[in-house]
Amino acid sequence: MHHGGIAVGPDEPAELDPAVLERVAEWIARTYPDADPDPVGAETCMYTTTPDERFILERRGKVVIGSACSGHGFKFAPAIGTRLAAMAADIL
């Protein structure tokens, strides 16, 4: 599941949302009727996100700003790096 959850600070413990676990178990039961839908374990992860879930790639004067947040930015690292490098090179 990919979605935003409750806002927490980086030093706060992450807590699982029981409603999310139930939703996932229901999906498993429908999709894989022969499987036990009860989770053996569950984890949550923290990542940054923008309100519209888009990356931040922009230039403000001579400053290039980049943030590939929204939880899935790591997959786009080569393209984001190329774009940010091109933006920085345009300043020179």
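Predicted model: local features only at pLDDT ≥ 70, side-chain atom pairs only at ≥ 80, totals over all residues.
Which residues make a nonpolar surface patch of about 300 Å²? The answer is Ile 6, Val 8 and Met 46.

**The segment before helix 1**

Val 8, one of the patch residues, is found in the segment before helix 1, which covers residues 18–31. Its relative accessible area is 33%, so Val 8 counts as partly exposed.

Glu 12 has its place in that segment before helix 1 too. Its relative accessibility comes to 45%, and Glu 12 is therefore partly exposed. The side chain of Glu 12 turns up in a contact with the backbone. One of its polar atoms lies 2.9 Å from the backbone nitrogen of Gly 9.

Glu 15 also lies in the segment before helix 1. Is Glu 15 buried or exposed? Glu 15 is exposed, because its relative accessibility is 65%.

**Separations in sequence and in space**

The table gives C-alpha to C-alpha values for each.

| Pair | Apart in sequence | Apart in space |
|---|---|---|
| Glu 12 and Met 87 | 75 residues | 36 Å |
| Leu 57 and Gly 81 | 24 residues | 9.9 Å |
| Glu 15 and Trp 27 | twelve residues | 21 Å |

**Aromatic pairs**

Two aromatic pairs are counted in the model. Trp 27 and Tyr 32 form an aromatic pair, with 5.9 Å from centre to centre and 80° between the planes. Why is this pair edge-to-face? The angle between the planes is 80°, and planes over 60 degrees apart count as edge-to-face, so the pair takes that name.

How covered are the two partners? Trp 27 has a relative accessibility of 43%, so it is partly exposed. Tyr 32 has 46%, and it is therefore partly exposed as well.

**The loop between helix 1 and strand 1**

Thr 50 has its place in the loop between helix 1 and strand 1. Is Thr 50 buried or exposed? With a relative accessibility of 11%, Thr 50 counts as buried. Its side chain reaches the backbone oxygen of Arg 54 at 2.8 Å.

**The two strands**

Strand 1 covers residues 56–60, and it pairs with strand 2 in the antiparallel sense. How many bridges does this pairing run over? It runs over five bridges.

The two strands form a hairpin, with two residues between them. Gly 61 sits in the turn and has a positive phi of about 65°.

Opposite positions can be named across the pairing. Glu 58 stands opposite Ile 65 in strand 2. Arg 59 stands opposite Val 64, again in strand 2.

Leu 57 is in strand 1. Its relative accessible area is 21%, so Leu 57 is partly exposed. Leu 57 and Gly 81 are 9.9 Å apart in space, C-alpha to C-alpha.

**The salt bridge**

How many salt bridges does the structure hold? It holds one. Arg 60 forms this salt bridge with Glu 58, and the closest N and O atoms are 2.5 Å apart. Arg 60 has a relative accessible area of 56%, so it is exposed. Glu 58 has a relative accessibility of 27%, and it therefore counts as partly exposed.

His 72 has its place in the loop between strand 2, residues 63–67, and helix 2, residues 77–91. With a relative accessible area of 22%, His 72 is partly exposed.

Key:
Residues numbered from 1 in each chain as written. Heavy atoms only, no water. Phe/Tyr/Trp six-rings, centres within 6.5 Å; stacked < 30°, edge-to-face > 60°. Buried < 20%, exposed > 50% of the residue type's maximum accessible area, 1.4 Å probe, protein only. Salt bridge = Lys/Arg side-chain N within 4 Å of Asp/Glu carboxyl O. Patch = residues over 30% accessible without salt bridge, like charges linked within 9 Å, V, L, I, M, F, W, Y side chains within 5 Å. Areas by Shrake-Rupley, 256 points an atom, 1.4 Å probe, with all protein chains shown as cover. Helix = DSSP H or I, 4+ residues; strand = E, 2+ residues; numbered from the N terminus. Pairing = 2+ DSSP bridges. Polar contact = N/O pair within 3.5 Å; in protein donor to acceptor, adjacent residues only side chain to side chain.
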